[in-house]
Every structure is written in structure tokens, then in C-alpha cells.
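Hello,

Here is the structure I promised to pass on. My notes follow below it.

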Amino acid sequence: MLSKINSAGILGIDGYIVDVECFATKSVPKFDIVGLPGASVKESYNRIKAAIKSAGLEFPSMAITVNLAPADMIKQGTAYDLAILLALLKLTVLCDCDLSGKCFAGEVSLSGALRKTNGILSMCIAARDAGFSEMYVPYDNVNEASVVDGIDVFGVKDISELTLHLLKGNIITPAKCDKSQLFELSYDKIPDFCDVKGQEQIKLAIEVAAAGMHNILLVGPPGTGKSMLAKRIPGILPPMSFDEALETTKIYSASGNIGSGETLITRRPFRSPHHTMSAAGLIGGGQIPQPGEISLSNNGVLFLDELPEFSKDATDGLRQPLEDGEVTITRVGGRFRFPARFMLVCAMNPCKCGYYGHPVKQCSCSRSLIDKYLSKVSGPLLDRMDIQVEVPSLSYDKLSDTSLAESSEKIRERVMNAREIMEKRYEGTGVRANGDLTPAMIRKFCVLDDEAQEVMKNAFERMGLSARGYDRILRVARTVADMHASKNIKKEHVAQAVQFRNLDRKYWKNS
């Protein structure tokens, strides 16, 4: 006897279709799973047997072989439980049911209930793309899966309910999703820039960084508001598009970071890992690779406070993802690709004690100690920071001023206006902001007139810029021009971009 049920698996954050084939013969009862099953898949036999009996159904007393195809890909996770269980029931109570066009995924508990399963969103997309008309998932995953158009999604609570539905129909109704309500965002819970006193030049730099999705480094003594400023950046970023929200939700779903009943992640992520985090935790990895903090920050902000305190392996691992917008991890089981297009925001003190260059407090660090501390931030990483600004200490008059500063809402309006200009310019190219421009696109969209060329030439020679540093100044200059609604990049736009990138000459000149 042979039965076949369609299921889905996940590789990285991308889903793929898995055919669950069950062959049973009347012989000494045994149960084998083939097709490169992982440990959690091999253990499914005990869960499935208990679930079938808990539902009051009969477990086939035969020699059973279950094949998971394609057989050359390692199968990990518990999403195959439901399909294997139905392949067994297809030999008995469901033998007359037509299950073609249907795809099943989900973890089965011993009681027969279905548990929330990671990666369901990606599996549902894969099922839709493969031409399936119906997708059956755990009830706790139905909201995230319902955003996929072109396929009916059914949320299943337990095996008894599903069996009755497959036999009689119309027991479970397909989920509906009103996408128009998903993006009704509120910025109320995000800290507001109106609480930040002074630091107008730093706010301007952050505004430019947010508009163009540029990486930014904040350097200054303790207590100047570096972390306070960084935590307010999500409040000035524009809302995510549906495609951005879908991509980010796929990452969170695959890594188990999406809550039960949650539909789409529509708020831009803000991740702030502790400096003790390992390189694998930051970049991604593990025996079964999982997304790291850079991927969980996709389409949002990754904030690294106390940058020199992170391990060198972790920070240097950022270099390639910052260029490519993704990270690829290779293991025996295959290549895992995780998106990593994020805005990197870093904060650090100028030395170990924090007061190197302070106008009042004296630094207690020796020159060698300062150099050692600054050398923890490598030159290649520093070169990838589009904007580098110094956050100075505030005067008493600024601190005692009781008036409110400009709100995040007003800053966000200017950011969104600049972003609209970029979106129109790069329509159809896949580029969303100036920070993503390729060298070829820089030559096309960042053309300088003679006066701007002269400013750029002087800065290049004086600062000893690399080719990458040159390109990044042009990207920032393009964003400054967009903030002023200027079609052309003028000399003042280049001068502003150069001014935002000069700390490496001050602090790292001797390192």
C-alpha cells in the first residue's frame, strides 16, 4: 500500500516542497523514515503514534517506510509531523479522500493538538508557488500564513478536527486577512527626538542617515546622549512596504521570533545586542544555521553600543554583509542565505576612560592605551561607516532649557519626502535608498559639477580616502541633495557629506 502527502520544509528562510511517501506492507510492525531525516524528524514516530491514539484512531500495525523527497536534502524541524501522520491515516480512515492540491505542515503534540511551527510563512509561499490551492497549518500560525495571496489557508487545532474536515468538508473555514489594517502604524511607543536637548548637528546627521539608510558612527564621552539618540531613530524611519514587511516576517518566522497570532511585522526592527554576543549570534550560524542579529535587523536598525567592546571577529564579520546586503552560511547540509539589509548605528567612547579630547575632564589613558582601544575598530569597518560624527558634551544652558526640541514626526516628514524622491529615481532597479547604490549607479546618479568636483578632490587628497570612502561620500552627498529637493549634487552638498566623515582623521590618525 502506498500513500503520498504534500508537505513543505525550509532552507534558511526559503521554503520548498517535500513529498511525504508512505509504503506499508503486512509484515512484522516496524517504522522507518528515510530521506536524510534529522533528529527531530526521526523522533516524529513517537509523537505521531501517541497523537493518532489520542484522537481515537487506529495506528497501522504494518511494516512502514516513510520517504521524504527530495531525498538528497537534510530535513530538519518538526513541520513534517502532520504530513507523515496523514500519510499513515491515508492507509486507513482517509483512504477515500482526495488530498491532491493540498499541502500540510505543522508539529503534532502527544494529545493530537497542533503546535506553533517555525517557518510556516515561507512554506506557505512555497506551496502557493508550486500550484497548491490549500494549505493546512497549526492554528497559532494561521495569521502569518494568511497574508499569502493565491492560496486558501486553514488553521488546524487538532487531528480530530482535521480528520473530520477532510472526510466531510466545511468544518474548518479558510482564514482571511485584511492587509489594509496591518499598516496602520503608531509611533507613540517609540521615544521622541523632542526629548533630546541640543545636539542639533548630530540630529541633522542622523536625519540624513535615516533618509538614505546610511551607516553612522557616534563618538563621544559618556553621558552625551549617544544611546538616547540612537534609540529614537526608528521613530523617524518611514513605514515598511508590504514586500519589506513580508521579507522581515519570513526571517522572524524561520527563527521562531514571531509571536502566536501575529500576522506581519510592520514596524521596522530595532536590535541592540549586548557586546558579549558571539560572532555567530551577530552574523548568524550554528550547526543548523539560524539568522543572526544582522538578519533580524533586516529593513531596520542594528545598534551596536560600546562598539570597541564587541569581539573583533564579530565586528569584522559585518564587513561583507554591509556590502552585499545578505549573509551566506555554508554547511554540510547546504548553503543558507539570510537577507541583511540594515542601517548600522554604532556608538563608542573615544578612549577607555571616555574623556580623550574632552574640553574639561582630563583623560587618564596613555597614548598607547588610547591607540589599543581605538584599534579594536578595524579600518575596513570604519571605512564602511558613511557618517562619522562627534557627540559633544552639552553646556549648562542647553541642559537647563525647558523648551521642547523638534519632534520625531516633523523629522520623519522630511525623511519620507527625501525617500519618495529616491523611490521615484530608482523605480524598477531594486534599490530603495541611496545607501544601497552600486558603483555603476553612483556613476549614473551622483554626477558632480566642476565646483563640486573641486571640493571632492580636495577632500580626497586631504583625507586619504579609499575608493570605498569616495563612493560613500558621494552616496551621502546624494542624500543631502535629496533632502534639499535638489536634482543635482552641488558643492555645499559635497561639503556637508565630507563634514560628516572626518573622525577617522582625528581619532585614528595614530592607530
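One detail to begin with: a side-chain oxygen of Asp158 comes to within 3.2 Å of the backbone nitrogen of Ser160, at the start of α6. That is a polar contact (a pair of N or O atoms within 3.5 Å; within protein, one must be able to donate a hydrogen and the other to accept it, and residues adjacent in sequence count only if both atoms are side-chain atoms).

Please note that this is a predicted model: local features need pLDDT of at least 70, side-chain atom pairs count only at pLDDT 80 or more, and totals for chains, interfaces and linings use all residues. Residues are numbered from 1 along each chain as its sequence is written, and side-chain values use heavy atoms, with hydrogens and water left out.

Helix α6

Helices (H or I, at least four residues) and strands (E, at least two) are DSSP runs, numbered from the N terminus. Helix α6 spans residues 159-168, and its buried residues (under 20% relative accessible area, 1.4 Å probe, protein chains only) are Ile159, Leu162, Thr163, His165 and Leu166. Seen down the axis, they fall within an arc of 160 degrees, so they line one face of the helix. The arc is taken from the directions from the helix axis to the C-beta atoms. Their cover includes α3 (81-89), β8 (134-138) and β9 (152-156). Just after α6, Gly169 has a positive phi of about 80 degrees.

The sheet

Five strands form an open sheet in the order β11-β14-β17-β10-β18, with parallel pairing. Strands pair if DSSP finds at least two bridges between them. β11 (270-271) and β18 (387-390) are at the edges with a single partner strand each, so one side of each has no neighbour in the sheet. β10 (216-219) and β17 (343-348) pair over four bridges. Helix α7 (200-212) packs on the sheet and touches β10, β17 and β18. Contact means heavy atoms within 4.5 Å.

Glu207

Glu207 is in helix α7. Is Glu207 buried or exposed? Glu207 is buried, with a relative accessible area of 6%. Residues touching Glu207 include Ile236, Ile411 and Met483. Arg414 is also a contact; the C-alpha atoms of Glu207 and Arg414 are separated by 8.4 Å, though the two are 207 residues apart along the chain.

The core

The largest nonpolar core has 61 residues. Such a core is a set of buried Ala, Val, Leu, Ile, Met, Phe, Trp, Tyr and Cys residues joined through side-chain atoms within 4.5 Å. Met135 and Leu344 are among those with the most contacts inside it.

Best wishes

Technical notes. Buried < 20%, exposed > 50% of the residue type's maximum accessible area, 1.4 Å probe, protein only. Axes fitted to C-alpha atoms, helices over the stretch in contact; angles between N-to-C directions. Lists of a residue's contacts leave out its neighbours within four places in sequence.
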